[in-house]
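Welcome! Here is a short briefing to read with the model open beside you. Take it topic by topic, and find each part on screen as you go.

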Amino acid sequence: ALYARLLEARRRLPGGAADEIAFDEDARWLRVRRGAFELVCNFSSDDPVTVPCSGSAVELATADAGVVVDSGHVQLPPLTGAVIS
């Protein structure tokens, strides 16, 4: 089901290169923005992270719970990714 949701999200993304890439190697997060969408990832296996974002809605997430967008940030549980719009 996750692969199907990822493929659907990919079809909705605008073509071309990323508009912006940001990361924090120490905190172990990555954010890639393309158009109105942001891919955010937490690569930490131990700690949740808070990642700055401009979107306000979770389009899809690899975790069933714990992904929260609030006031220009998204909170991600360990080893989680999400597409934000």
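Two strands are said to pair if DSSP finds at least two bridges between them. Helices (H or I, at least four residues) and strands (E, at least two) are DSSP runs, numbered from the N terminus. This is a predicted model, in which local features need pLDDT of at least 70 and side-chain atom pairs count only at pLDDT 80 or more, while totals for chains, interfaces and linings use all residues. Residues are numbered from 1 along each chain as its sequence is written, and side-chain values use heavy atoms, with hydrogens and water left out.

**Confidence**

- The pLDDT (the predictor's confidence in each residue, from 0 to 100) averages 92 over the chain, and 100% of the residues score at least 70.

- Follow the order β1-β2-β3-β8-β5 to trace an open sheet of five strands with antiparallel pairing.
- Its edge strands, β1 and β5 (58-61), each pair on one side only.
- From one strand to the next, the twist averages 15°; for such angles, axes are lines fitted to C-alpha atoms, for helices over the stretch in contact, and the angles run from 0 to 180 degrees between N-to-C directions.
- Strands β1 (residues 20-24) and β2 (residues 29-34) run antiparallel and are joined by five bridges, with D24 standing opposite W29 in β2.
- The hairpin of β1 and β2 has four residues between the strands, and R28 takes a positive phi near 70° there.
- Six bridges link β2 with β3, again antiparallel, and L30 has C41 in β3 as its bridge partner.
- Helix α1 lies across β3 and β5, running at about 140° to β5, where contact means heavy atoms within 4.5 Å.

**The sheet of three strands**

- An open sheet with antiparallel pairing has the order β4-β7-β6.
- β4 (49-52) and β6 (68-70) are at the edges with a single partner strand each, so one side of each has no neighbour in the sheet.
- On average, neighbouring strands of this sheet are turned by 25° against each other, direction ignored.
- Three bridges connect β6 to the antiparallel strand β7 (residues 73-76), where H73 is the bridge partner of D70.

**The largest pocket**

- On a 1 Å grid over the protein atoms alone, a pocket is an open set of points with protein on both sides within 12 Å along at least five of seven lines, and lining residues have an atom within 4 Å of a point.
- The largest pocket holds about 270 Å³ of space.
- Its lining has 16 residues, and L13, E38, L39, A82 and V83 are the closest to its centre.
- α1, β2, β3 (37-42) and β8 (80-84) each supply at least two residues of this lining, and β3 gives the most, with four.
- The lining of the largest pocket divides into 11 nonpolar, two polar and three charged residues; Ala, Val, Leu, Ile, Met, Phe, Trp, Tyr, Cys and Pro count as nonpolar, Asp, Glu, Lys and Arg as charged, and the others, Gly among them, as polar.

Note on methods:
1 Å grid on protein atoms, 1.4 Å probe; cavity = no way out; pocket = protein on both sides within 12 Å on 5 of 7 lines; lining within 4 Å. Points joined across faces, edges and corners; volume = space filled by probe spheres on them.
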